[in-house]
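Here is a friendly walk through one protein chain, meant to be read with the model open beside you. Please keep the viewer at hand as we go from a single residue out to the whole fold.

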Amino acid sequence: MLLTPALVAMLLLVVMGGRYAQARADVDAAARDAARAGSIARGPDSAAADGTSAAKARLHEADVTCRTLNVALDTAEFRAGGSVTATVTCAVDLGDLSGLRLPASRSVTASFTEPVDAYRGAEP
């Protein structure tokens, strides 16, 4: 009987750790997808839009709930042979694990850089 609260708290900590680790992996994948989508776009403006859409789609597929989501694509080097860098920041919702009295969310950030094809055509 006395061990039950401790076991429940330990179980909630394991669930929180697993959820955080999975969210971190999903945010990494979202940053990779955003950079890839941006690198194959026809221009810098469409690169930012395509990258944001790709990151949101990846997180939606993985059922990651972000209290706030920020997707930033650095297209300063967007040219043949250049690169695109995507940074994804997600505040992972942990509010349903209230028995632990932890912060309601935890911020996870990932960046990924993808080269732009050196032989790509110019934007029409």
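In which strand does Glu114 lie? Glu114 lies in strand S3. Before going further, a word on the ground rules: this is a predicted model, where local features need pLDDT of at least 70, side-chain atom pairs count only at pLDDT 80 or more, and totals for chains, interfaces and linings use all residues. Residues are numbered from 1 along each chain as its sequence is written, and side-chain values use heavy atoms, with hydrogens and water left out.

**The overall layout**

The secondary structure of the protein chain comes to 2 helices and 3 strands, and along the sequence these follow the pattern α-α-β-β-β. Helices (H or I, at least four residues) and strands (E, at least two) are DSSP runs, numbered from the N terminus. Of the 124 residues in the chain, 30% count as buried; buried means under 20% relative accessible area, exposed over 50%, and partly exposed in between, with a 1.4 Å probe and protein chains only. Among contacts between residues at least 6 apart in sequence, 64% join residues at least 24 apart, where a contact means heavy atoms within 4.5 Å.

**The sheet and the helices on it**

The three strands form an open sheet in the order S1-S2-S3, with antiparallel pairing. S1 and S3 stand at the edges with a single partner strand each, so one side of each has no neighbour in the sheet. From one strand to the next, the twist averages 10°. Two strands pair if DSSP finds at least two bridges between them. S1 and S2 pair over 7 bridges, while 11 bridges join S2 to S3. A few of the bridge partners are set out here.

| Residue | Bridge partner | Strand of the partner |
|---|---|---|
| Asn70 | Thr89 | S2 |
| Thr85 | Thr113 | S3 |

Helix H1 packs on this sheet and touches S1, S2 and S3, its direction making about 30° with that of S3. H2 lies across S1 and S2 and runs at about 145° to S1. For these angles, axes are lines fitted to C-alpha atoms, for helices over the stretch in contact, and the angles run from 0 to 180 degrees between N-to-C directions.

**The nonpolar core**

Which residues have the most contacts inside the largest nonpolar core? They are Val27, Ala34, Ala55, Leu59, Val71, Leu73 and Val88, in a core of 22 residues. The elements that give two or more residues to this core are helix H1 (3–39), helix H2 (44–61), strand S1 (66–74), strand S2 (83–93) and strand S3 (105–115). H1 supplies the largest share, 6 residues. A nonpolar core here is a set of buried Ala, Val, Leu, Ile, Met, Phe, Trp, Tyr and Cys residues joined through side-chain atoms within 4.5 Å.

To see one of these residues up close, pick Leu59. Leaving aside residues up to four places away in sequence, Leu59 touches Asp26, Val27, Ala30, Val64, Cys66, Leu69 and Val88.

**The disulfide**

Counting a disulfide as a pair of cysteine sulfur atoms within 2.5 Å, the model has 1 disulfide. This bond joins Cys66 to Cys90, with an S to S distance of 1.9 Å. The link of Cys66 and Cys90 is left-handed, with -105° about the S-S bond. Cys66 lies in strand S1 and Cys90 in strand S2, so the pair ties together parts that are 24 residues apart in sequence. Cys90 counts as buried because its relative accessibility is 0%.

Is Glu114 buried or exposed? Glu114 counts as buried, at 16% relative accessibility. Not counting residues up to four places away in sequence, Glu114 touches Ala35, Arg36, Ser39, Ser83 and Val84.

Thr109 also lies in strand S3. Thr109 is partly exposed, with a relative accessible area of 37%. Apart from residues up to four places away in sequence, Thr109 touches Arg24, Val27, Thr87, Val88 and Thr89. With Thr89 there is a polar contact between the two side chains, at 3.2 Å. A polar contact is a pair of N or O atoms within 3.5 Å; within protein, one must be able to donate a hydrogen and the other to accept it, and residues adjacent in sequence count only if both atoms are side-chain atoms. The C-alpha atoms of Thr109 and Ala91, 18 residues apart along the chain, are separated by 8.7 Å.
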